[in-house]
Structures are given as C-alpha cells and as structure tokens.
Amino acid sequence: MRSLLLHRVWFFIGMQDVKRRYRRSFIGPLWILLNLGMYVGAIGFVYGVMFGQDLRSFLPYLMLGFVVWGLISASVVDAGTVFINAEGYIKQFSYPKQIYILRALVSTSMNFAMGLLALASVQLALGTLDIYGWILSIPGIAMLYLALLGQTTVFSYLGVVFRDLTHALVGVLQIVFYLTPIVFPVSVLNAHGLELIYLANPLYHLIEIVRYPILNGSLAPTYTYEFAGGYILVLYCIAWYVASRLDKKVVFLL
C-alpha cells in the first residue's frame, strides 16, 4: 500500500526510463508504432493467406495479440533485472522495494498504450471499431495488470538470486509464443484436436480477456475469466512467499 501511495516516485522514474530509451531518437516513441505496423503488416499478410483468413478481421486479431503479448513478455523479461537496475536507488533510499516493480510496469505500459492507439486507428480505418467492446475490455485489462504485477514481483526477487533467470525466461517465452494463438487463430488448433495447448496456457487467457471483448463486442467466455482469476490467485500466493523470504536480503544480494 505504501508503494502505491508513492506513485509520484515510481511513475517519474518509469517515465525517465522511457525518455532515456529514446533519447536523441529522431521519431522517439513513434518507433513503437512503426515497428508494430511493419511486423503486423508482413506477418498478417503471410499468415492471413496461409490460414485463409479475412484480413479485415485477422489484422486486428493479430495486432491486438502482439500488443498484449508484448506487454506480457516485456514485463516478464524485464522483471529479472528490476532490482539489479535499481541497485543505486535501493542502496541510497529506504523506499519500499515494490516501487521498482511498479517502475518497470510504467516503462512497458508505454508500448502497450501506443499499441492500443494504433489498433484503434486500424479498426477505425477498417470500419470495425466497437466502442462498447473497448469498454468491456476494461475488466480484462485490470486483471491483466494484476497478473503482471504478480509475475513481475516473483521474477524480480528470484532474478536477484538467480542471475541467469532473465536468459532462461527469454528462451521459455519464445516457446510459449509459438504455442499461443497469436499469429494463428484458435480454430487451427481446434481442427487438429489440440485445444489443451491453449486452454491450459494462462498467458492465452490473459490475452483473450482483453482481445475477445475488443474484437467481438462482448465479454469473453466465463471460463476464461475464471482461469485468469485462478492464475492471479496462485501468482499472488507465490509472490507473497518469495517477497517475505527475500525482501530484506535483496540489498545484500546486489
């Protein structure tokens, strides 16, 4: 709770990270939109033709999948170095260490916000923008951030102890990416009787509680919210345990 009250501190540091990343860049954060546009445009055309999809509906599906996945993967990978990158602050100030976790989420959220803006623009151009669907996605986005906070907390503390964790997470995420319906529709797995691959994947459910309402104008299936809620509960139990064991040791492990 004290960390949330110090929002001016972690938000300011997080925004400084964003500014530092694009310092002296000619177009700055617009690189986010440019890279997303080129990637989705190329992949969307190839996979759309390959899977026989209507590009008018497949491009927003693909784009939103990439945007949410980018937020999830960036928060997981960055989590491993949250306290390591904040070593100077931790050794100088007595702020609760959770503010550095929130700081990391501020930085990754910039890409997410820009991606959602780009998606809304594409939907508007295609005539598929549904404001009601965007409103219905708010609970899903809130659950997504709750999950990210739990994940980041767990990996932030473990990253101080296991310095190879970040490299391991990159490899794991690459595998999970290709097992998650992002660049291909769910129907592809269903057609081959492989429903369990995505139904047992918590990251798919975190993506779907945001993607489904925006693309379909209605809430995602109930089981999707239930699975995501169960995953969040488990995450917070693990996060509480890890933080209670390692919080006071972090400064000595840096």
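This is a predicted model: local features need pLDDT of at least 70, side-chain atom pairs count only at pLDDT 80 or more; totals for chains, interfaces and linings use all residues.

Tutor: Helices first: helices (H or I, at least four residues) and strands (E, at least two) are DSSP runs, numbered from the N terminus. The protein chain has 15 helices and 0 strands. Residues are numbered from 1 along each chain as its sequence is written, and side-chain values use heavy atoms, with hydrogens and water left out.

Student: How do you know whether the end-to-end length of α7 agrees with its 29 residues?

Tutor: The expected span is 1.5 Å times one less than the number of residues. For the 29 residues of α7 that gives 42 Å, and the end C-alpha atoms are 42 Å apart, so the two agree. There is still a bend of about 30° at Thr108 in α7, where the bend is the angle between axes fitted to the seven residues ending there and the seven starting there.

Student: What makes Ser109 count as buried?

Tutor: Buried means under 20% relative accessible area, exposed over 50%, and partly exposed in between (1.4 Å probe, protein chains only). Ser109 has 18% relative accessibility, so it counts as buried. Ser109 sits in α7 (residues 98–126), and its side chain reaches the backbone oxygen of Leu105 at 2.6 Å.

Student: Which labels do Ala142 and Thr152 get, buried or partly exposed?

Tutor: Both lie in helix α9: Ala142 and Thr152. Ala142 has a relative accessible area of 42%, so it is partly exposed. Thr152, at 1%, counts as buried. Leaving aside neighbours within four places, Thr152 is in contact with Ser75, Ala79, Val82, Ile101 and Leu105.

Student: What makes something a nonpolar core?

Tutor: It's a set of buried Ala, Val, Leu, Ile, Met, Phe, Trp, Tyr and Cys residues joined through side-chain atoms within 4.5 Å. The largest one has 49 residues, and Val68, Trp69, Ile72, Leu144 and Leu206 touch the most other members. Elements giving two or more residues to this core include α4 (55–79), α9 and α14 (222–246). α4 gives the most, with 13 residues. A second, separate core of 18 residues includes Val82, Ala104, Val106 and Tyr157.

Student: How do you know what the buried side of α14 packs against?

Tutor: Buried residues in α14 include Tyr225, Ala228, Ile232 and Leu235. The buried residues of α14 pack against α9, α13 and α15 (250–253). From the other direction, Leu206 is in contact with Ala228 and Tyr231, among others.

Student: And what share of the whole chain is buried?

Tutor: Buried residues make up 46% of the 254 residues.

Note on methods. A polar contact is a pair of N or O atoms within 3.5 Å; within protein, one must be able to donate a hydrogen and the other to accept it, and residues adjacent in sequence count only if both atoms are side-chain atoms. Contact means heavy atoms within 4.5 Å.
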